[in-house]
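Here is a short note to read beside the sequence and the model.

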Amino acid sequence: MIACSIQNIKKMYGGNLIFERISLEINENERIGIVGRNGSGKSTLLRLMAKIEDPDEGKIHWRKNTEVGYLEQIQAEMNGLTVYHVLKSAFETLNDLEIQMQEYEEKMQDTLENVSDLVIQYGEIQERFSFLGGYERDAQIEKVCRGINIISLLELTFQQLSGGEKTKVALATILLKQPDFLLLDEPTNHLDISAVEWLASFLNDYPGTVVIVSHDRYFLDETVTKIIDLEDGEAVMYETNFSNHIKEKESRLLKEFQDYQEQQKKIKKMREAIKRLREWANRANPPNEGLHKRARNMERAIERMEKIDKPLLHRNKMGLDIETADRSGKDVVRLEDVKKRFEEHLLFENVNMHIRYQERVAIIGENGTGKSTLIKILLQSQQPDVGTVYIGNNVKIGYLSQHVFQDINPTKTVIEVFREQIAVEEGRARYILAQFLFYGYAVFRKVSELSGGEKMRLRLAQLMYEDINTLVLDEPTNHLDIDSREVLEEALENFQGTIIAVSHDRYFLDKIFRRIYWIEDKTVYDYDGNYSWAREKMNDNRIKRKEILDIRNNSKQYATISQPIIPVPSKNKEQENLLEQIEKLEQELVTIEGKMEKTMDVDQLMVLQKNKEEIEQLWEHYFLLIEE
């Protein structure tokens, strides 16, 4: 059954056409992703579907009684409430029933008359409250909060939150409402990797229709079965996921280009025939009117012909080629036994990192684990509480912050900001900025008017001409459309220096990075492989750590039951030492397994296998000692 019908809609802003003649049908329970370049109208289409704006032409029809949920609808009206009460507001009917139950409870306490009638009425309301899931409401709130990782925000007021935190709370509220039609505009932008994976799983089980605007390629593949591609003011529907839509789009464009060429050949032949007919007609004496008539008929046939527009096979993309300064030394950064806390909150401790020349290193972990803080320690803009940071010889760092140009004068123009960092003449600056899609008058726009993606492109333009050999990137793909992400990935692959990045874009992590530092439980784990490989190993380590923790808890419980008064400090100390040795051996195993996967040398493989077996035997020995 059709849930939403879009018929010939058109939208313009300030005289600029966003799109026109768009017609779509979205059925119930479909999973649809909307993709396109920045500025193609993705968010505009979502706002029209959410009834926040009206189309200039055309109509959007909804199935009767359809409840629509849109990510941005909550953010302006909830100031003054705590996050818990904002989330609770998603259950409007249950909240009304709860108030009625409280009123009846007060009446039953204050009067002895008609108590039996009040009890019956109270029971009916309570039964409906229970039937609608009222007693599971807090459990639902906790489930979503844990998934998006906002449990720590529940007691804060909404106005105390950062922009990213408000977006996460808004997303949680919309998910709790469970509308029939869910519209999500870049829902993964402020989520860490575990939250993105949880959201994908949640949406796959969602009982309604879901429409998503996103630049996260893995997320789209995991969640949608149809793609709407917005390009040049037109929308094309593909009955597949994101990755397959790319192949189908290429095939469609190639077919359109072939059809265009065939039509152009046909028109050219017809025009040549028209020219010959007229020449023959004029040579005749008297001029042959019949030939002139045939020529006019052929001209009319060309005019009546529905012309095929020439498809653009190669569109303008951001031109990014980051130059490398003189190479750095072999050792770029070393951290030894680093520890960092904020007040009473420990972020991480015993951190050891060794990053070498031309390595591609990513730092990942949940929000709040200290990824950006670790980056700042590497940049030496923050000092560790304990430990040492060594920066290698001739290391020249270029830094891309996720909050790019946050503190800059908002009245400055694009070209002024660029030339402050890169000393070039205006003509040269305009040429460079054009490579980053800032054409003509766009270079005189104020920085405050730029979108997040445009600010990121401006900063990348500066980085391209800075004297650097080490790139430090904090969420570089945020706000970039898919085309720009692909250009960035290609530039990073060709970059001859060292790259250190924080990112939650799993596709980006898998494509570029071959070493992962994963922050979890105040520890930084080192994995010699891409994200997917590190995730598999991390899951294995979690299982092992849980087994060790269970043994530790059982040992403590046994000691408490059998000897509640006499302490045994020497035994506990011995167990702690064994646990530390086991964790070190696990790290060594992870490193050896990574080397074994990469090497093609048989002799080296045999040595690594022998080392692995020795470490595994030692691990089993320590493990058995703990069990004793």
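1. T209 is buried, at a relative accessible area of 3% (buried means under 20%, exposed over 50%, partly exposed in between, with a 1.4 Å probe and protein chains only). T209 sits in strand β7, residues 209–213; helices (H or I, at least four residues) and strands (E, at least two) are DSSP runs, numbered from the N terminus. The model is predicted, so local features need pLDDT of at least 70 and side-chain atom pairs count only at pLDDT 80 or more, while totals for chains, interfaces and linings use all residues. Residues are numbered from 1 along each chain as its sequence is written, and side-chain values use heavy atoms, with hydrogens and water left out.

2. The side chain of T209 lies 2.8 Å from the backbone nitrogen of N29. This is a polar contact (a pair of N or O atoms within 3.5 Å; within protein, one must be able to donate a hydrogen and the other to accept it, and residues adjacent in sequence count only if both atoms are side-chain atoms). Leaving out residues up to four places away in sequence, T209 touches A3, I26, N27, E28, N29, E30, R31, D180, F181 and L182, where contact means heavy atoms within 4.5 Å.

3. R31, one of the residues touched by T209, belongs to strand β3, residues 31–36. Is R31 buried or exposed? R31 counts as buried because its relative accessibility is 10%. A polar atom of the R31 side chain is 3.1 Å from the backbone oxygen of L203.

4. R31 and V210 are 179 residues apart in sequence, yet their C-alpha atoms are 5.0 Å apart in space. Beyond its neighbours within four places in sequence, R31 is in contact with residues including L203, N204, D205, Y206, T209 and V210, and also with T223, V224, T225 and K226.

5. R515 is buried, with a relative accessible area of 10%. Its side chain reaches the backbone oxygen of H354 at 2.8 Å, and a polar contact of 2.8 Å links it to the side chain of Y517. With residues up to four places away in sequence set aside, R515 touches H354, R356, E359, R360, V361, A362, D526, Y527 and G529.

6. In helix α11, residues 371–379, the buried residues include K371, T373, L374, I375, I377 and L378. Q380 follows α11 and has a positive phi, near 65°.

7. Helix α12 (residues 414–421) packs on helix α13 (residues 426–435) at an angle of about 105°, with the axes 10 Å apart. Axes are lines fitted to C-alpha atoms, for helices over the stretch in contact, and angles run from 0 to 180 degrees between N-to-C directions. The angle makes α12 roughly perpendicular to α13 (under 35 degrees is roughly parallel, over 145 roughly antiparallel, 65 to 115 roughly perpendicular, and the rest oblique).

8. In this helix pair, V414, I415, F418 and R419 of α12 meet E426, A429, R430, I432 and L433 of α13. The residues of this contact divide into 6 nonpolar, no polar and 3 charged (Ala, Val, Leu, Ile, Met, Phe, Trp, Tyr, Cys and Pro count as nonpolar, Asp, Glu, Lys and Arg as charged, and the others, Gly among them, as polar).

9. For the chain overall, there are 19 helices and 18 strands. Buried residues make up 46% of the 628 residues. Of the contacts with a separation of 6 or more, 68% are between residues 24 or more positions apart.
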